[in-house]
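Here is a short briefing to read with the model open beside you. Take a look at the structure first, then work through the points by topic.

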Amino acid sequence: MSLAAETHGFLSPTGVEIAFLLVGLVTFGAALVTVTTRQLVHAALWLVVALGGLAVEYLLLTAEFIAWVQVLIYVGSVVVLLLFGLMLTRAPIGRSPDADSGNRWAALAVAVAAAAALVWVVVDAFRTTWIDLDGPAAGSTAVTGASLFQHWVLPFEALSVLLLAALVGAIVLSRKAKADARAVDQPRSDKGGAH
């Protein structure tokens with residue numbers, strides 16, 4: 001038995017576990033405010049708090065690679081894109097009665113069912129998995145990078161080719177749409193001449 005286990009006991013929480021619980025409560029509160037507020041901009045900003053809280057939880061679990069991916073992709077890209085979408089579409093900034101569809105009970109039932117399904121899947125998938133706490137941190141950048149480029153090189157490259165194909169397809173479609181719009185906007189000449 002280690003000295004820490006003798007000092008704290010098996011069920012006695014450590015500082016990291018207390019911080020994890022507190023950050024989890026703040027994240028859960030921010031997520032609740034995100035889906036219950038009637039102001040779209042406030043919802044987007046509370047979403048930043050919720051996603052940032054998840055990044056802190058990943059850091060507390062020593063998964064710094066996933067934490068920085070969370071910050072860069074979700075907080076840095078998705079929420080900024082959402083805010084730009086709100087601003088460019090001139091969505092109402094204040095309280096919006098349209099933000100509540102009146103389906104709260106149906107949404108709550110779907111959320112509870114989805115949460116139960118996710119918990120069941122995770123518990124069933126990791127029921128017999130044991131983590132070696134004395135080994136290297138499983139979520140560290142070095143371990144994740146080594147696993148990605150040793151065991152997952154082919155799927156990683158296939159995904160990059162797929163994303164490149166999607167990008168090229170989006171460019172081709174946008175250029176075609178612009179060419180069609182130009183053809184419609186050009187004045188049509190009268191082939192029959194003046195009558």
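**A threonine to start with**

Thr 62 has a relative accessibility of 41%, so Thr 62 counts as partly exposed; here buried means under 20% relative accessible area, exposed means over 50%, and partly exposed lies in between (1.4 Å probe, protein chains only). Please keep in mind that this is a predicted model, in which local features need pLDDT of at least 70, side-chain atom pairs count only at pLDDT 80 or more, and totals for chains, interfaces and linings use all residues. Residues are numbered from 1 along each chain as its sequence is written, and side-chain values use heavy atoms, with hydrogens and water left out.

**More on Thr 62**

- Thr 62 is in the loop between α3 and α4.
- Although Thr 62 is not a glycine, its phi is positive, at about 60 degrees.
- For background, most residues other than glycine have a negative phi.

**Overall fold**

- The protein has 7 helices and 0 strands, where helices (H or I, at least four residues) and strands (E, at least two) are DSSP runs numbered from the N terminus.
- Along the sequence, the pattern reads α-α-α-α-α-α-α.
- Of the 195 residues in the protein, 11% are buried.
- The accessible surface comes to about 15,700 Å², and 72% of it belongs to carbon and sulfur atoms; such areas come from the Shrake-Rupley method with a 1.4 Å probe, and for residues only the protein chains shown count as cover.
- Among contacts with a separation of 6 or more, 65% are between residues 24 or more positions apart, a contact being heavy atoms within 4.5 Å.

**Confidence**

- The mean pLDDT of the protein is 79, and 76% of its residues reach 70 or more; pLDDT is the predictor's confidence in each residue, from 0 to 100.
- Among the elements, helix α2 (residues 15–36) has the highest mean pLDDT (92), while helix α1 (residues 3–8) has the lowest (51).
- Where pLDDT is low, the predicted coordinates should not be read in detail.

**The nonpolar core and a buried glutamine**

- The largest nonpolar core has 6 residues: Ala 44, Leu 51, Val 75, Val 79, Leu 83 and Leu 86. A nonpolar core is a set of buried Ala, Val, Leu, Ile, Met, Phe, Trp, Tyr and Cys residues joined through side-chain atoms within 4.5 Å.
- Both α3 (40–60) and α4 (64–88) supply at least two residues of this core, and the largest share, 4 residues, comes from α4.
- Leaving out residues up to four places away in sequence, Ala 44 touches Val 79, Leu 82, Leu 83 and Leu 86.
- Gln 70 sits in helix α4, and its relative accessibility is 7%, so Gln 70 counts as buried.
- Beyond its neighbours within four places in sequence, Gln 70 contacts Leu 51, Leu 54, Ala 55, Tyr 58 and Val 75.

**Side-chain pairs**

- The structure holds 1 salt bridge, meaning a side-chain nitrogen of Lys or Arg within 4 Å of a carboxyl oxygen of Asp or Glu.
- Asp 124 and Arg 127 form a salt bridge, with their closest N and O atoms 3.5 Å apart.
- Asp 124 is partly exposed at 41% relative accessibility, whereas Arg 127 is exposed at 55%.
- The whole structure has 1 aromatic pair. Phe 149 and Phe 156 form an edge-to-face pair, 5.4 Å centre to centre with 75 degrees between the planes.
- Rings of Phe, Tyr and Trp (its six-membered ring) pair if their centres lie within 6.5 Å; planes under 30 degrees apart count as stacked, over 60 as edge-to-face and the rest as tilted.
- Phe 156 is partly exposed, with a relative accessible area of 35%.
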